[in-house]
Amino acid sequence: SMSMVVGDSAGLLSLGRFAKASMPAHLMAGARSPWAADVNGAIARRLPNVRSDTLAGAGHMGPITHPTEVAALWAQTLQKS
């Protein structure tokens, strides 16, 4: 629901919550999604083991519109895990 996203009803942004997630995380943003870089940046600053990539020419639905590029990035992440 929107209240979870906008109001953080699950408390995901509470102090120290993301820092406890020690597993590898991979954030991807589409270069054509102006808000995605800000959201990913806010999440990346809170995670201890994160990789961030920006997909040139992609919007919000990068896995659908750019599946080859997304798969290649995920393969790199999985090889390092």
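What share of the contacts in the protein with a separation of 6 or more comes from residues 24 or more positions apart? Such residues account for 62% of these contacts, where a contact means heavy atoms within 4.5 Å.

This is a predicted model, in which local features need pLDDT of at least 70 and side-chain atom pairs count only at pLDDT 80 or more, while totals for chains, interfaces and linings use all residues. Residues are numbered from 1 along each chain as its sequence is written, and side-chain values use heavy atoms, leaving out hydrogens and water.

**View 1. The fold of the protein.** Along the sequence the pattern runs α-β-α-β-α-α, giving 4 helices and 2 strands (DSSP runs numbered from the N terminus, with H or I of at least four residues for helices and E of at least two for strands). The C-alpha atoms fill a box of roughly 35 × 30 × 20 Å along the principal axes.

**View 2. Helix α4 from end to end.**

View 3. Val70, Leu73 and Thr77 are buried in α4 (under 20% relative accessible area, with exposed meaning over 50%, for a 1.4 Å probe and protein chains only). Seen down the axis of α4, its buried residues fall within an arc of 70°, so they line one face of the helix (the arc is that of the directions from the helix axis to the C-beta atoms). Thr68, Leu78 and Gln79 are exposed on the other side of α4.

**View 4. The cover over α4.** The buried residues of α4 are covered by elements including β1 (25-30), β2 (50-55) and α3 (62-65).
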